[in-house]
Amino acid sequence: NNTTKILNIEFYNRSFKSFCELIEKRTEERENTFVVTANPEIAVNAQNDRKFMNIVKSADFVVPDGIGIVKGAKMLDLPMKERISGYDIFLEMLKWGNQNNKSAYFVGSKPEVIIKLRNKVAEQYPNLTILGMKDGYFKNDIKLVKSIQKSKPDMVFMALGSPKQEEFINKYRKVSNSLWIGLGGSFDVLSG
Ligand code: UDP
């Protein structure tokens, strides 16, 4: 079994490396994939919010993003291989995308962060096609969703913070058979 149930959430419990291989294969095959990178805050929030819990449960993978989840598992004597952070997945998928000429759409963070992110990604990952970059303070989803639908990115990186990013992915993931992943503050980190 590849998952461990904690707080009613099935967490992926194998290594970071095996997780990346798994989502790379799915992305290669254009399988629609939703990844929740769950830190303890997300796991706790889901306990008190039925709608959010259902969204988390609808994900293809929930990874333990935070040492708190791994330590919690250990205390309960449950298997949990290691921490798998959204930021580490982000870096790995950028690298993999660059090596394999994939494409990506980036949504989230402040407009000034997006400008720096665009330069950084273009410079460090020149073979990754940037199909779109949109800051996370848009008023209307529809234009953005249509753009994602039309451009069919291999990967959609969503950094709107939680639960906004998971709500957005849950609502719109069907428009493109992409890897959809919520990344919290990762754009701020990479661009900084
Ligand atoms: N953010 C956004 N739109 C919003 C609210 C937040 O794009 O309406 C961005 C924010 O600029 C930051 C990211 O979401 O880059 C993550 O925010 P935060 O650190 O608060 O979330 P967490 O990482 O704790 O999920």
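**Exercise 1. Which residue just after helix 5 takes a positive phi?**

Solution. Start with the ground rules. This is a predicted model, in which local features need pLDDT of at least 70 and side-chain atom pairs count only at pLDDT 80 or more, while totals for chains, interfaces and linings use all residues. Residues are numbered from 1 along each chain as its sequence is written. Helices (H or I, at least four residues) and strands (E, at least two) are DSSP runs, numbered from the N terminus. Now step past the end of helix 5: Asn-101 has a positive phi of about 55°.

**Exercise 2. Check the span of helix 5, and find its buried residues.**

Solution. Step one is the rule: the expected span is 1.5 Å times one less than the number of residues.

Step two needs a cut-off. A residue is buried if 20 or more other C-beta atoms lie within 10 Å of its own, exposed if 12 or fewer, and partly exposed in between, with C-beta atoms placed from the backbone. In helix 5, the buried residues are Gly-86, Ile-89, Phe-90, Met-93, Leu-94, Trp-96 and Gly-97.

Step three is to look at the spacing of those positions. An α-helix has 3.6 residues a turn, so residues three or four places apart point the same way.

**Exercise 3. In what order do the strands of the open sheet stand?**

Solution. Two strands pair if DSSP finds at least two bridges between them. The sheet has 6 strands in the order 4-3-8-7-5-6, with parallel pairing. Strand 4 (61–64) and strand 6 (129–134) are at the edges; each has a single partner strand, so one side of each lacks a neighbour in the sheet. From one strand to the next, the twist averages 15°.

Now walk along the sheet, pair by pair:

- Strand 3 and strand 4 are joined by 4 bridges, and Ala-38 stands opposite Pro-64.
- Strand 3 and strand 8 share 3 bridges, with Val-35 partnered by Ile-181.
- Strand 7 and strand 8 share 4 bridges, and Met-158 faces Gly-182.
- Strand 5 and strand 7 share 5 bridges, with Phe-157 as the bridge partner of Phe-106.

**Exercise 4. Which residues of strand 4 and strand 8 are buried on each side?**

Solution. Begin with a general idea: in a regular strand the side chains alternate between the two faces of the sheet. In strand 4, Phe-61 and Val-63 lie on one side, Val-62 and Pro-64 on the other, and all are buried. In strand 8, Leu-179 and Ile-181 point one way, Trp-180 and Gly-182 the other, and again all are buried.

**Exercise 5. Where does Val-113 lie, and which residues does Val-113 touch?**

Solution. Val-113 is part of helix 6. This helix (residues 111–124) lies across strand 5 and strand 6, at about 170° to strand 6. Such angles run from 0 to 180 degrees between N-to-C directions, using axes fitted to C-alpha atoms, for helices over the stretch in contact. Finally, list contacts (C-beta atoms, placed from the backbone, within 7 Å). Leaving out residues up to four places away in sequence, Val-113 touches Phe-187, Asp-188 and Ser-191.

Methods
Contact = placed C-beta atoms within 7 Å.
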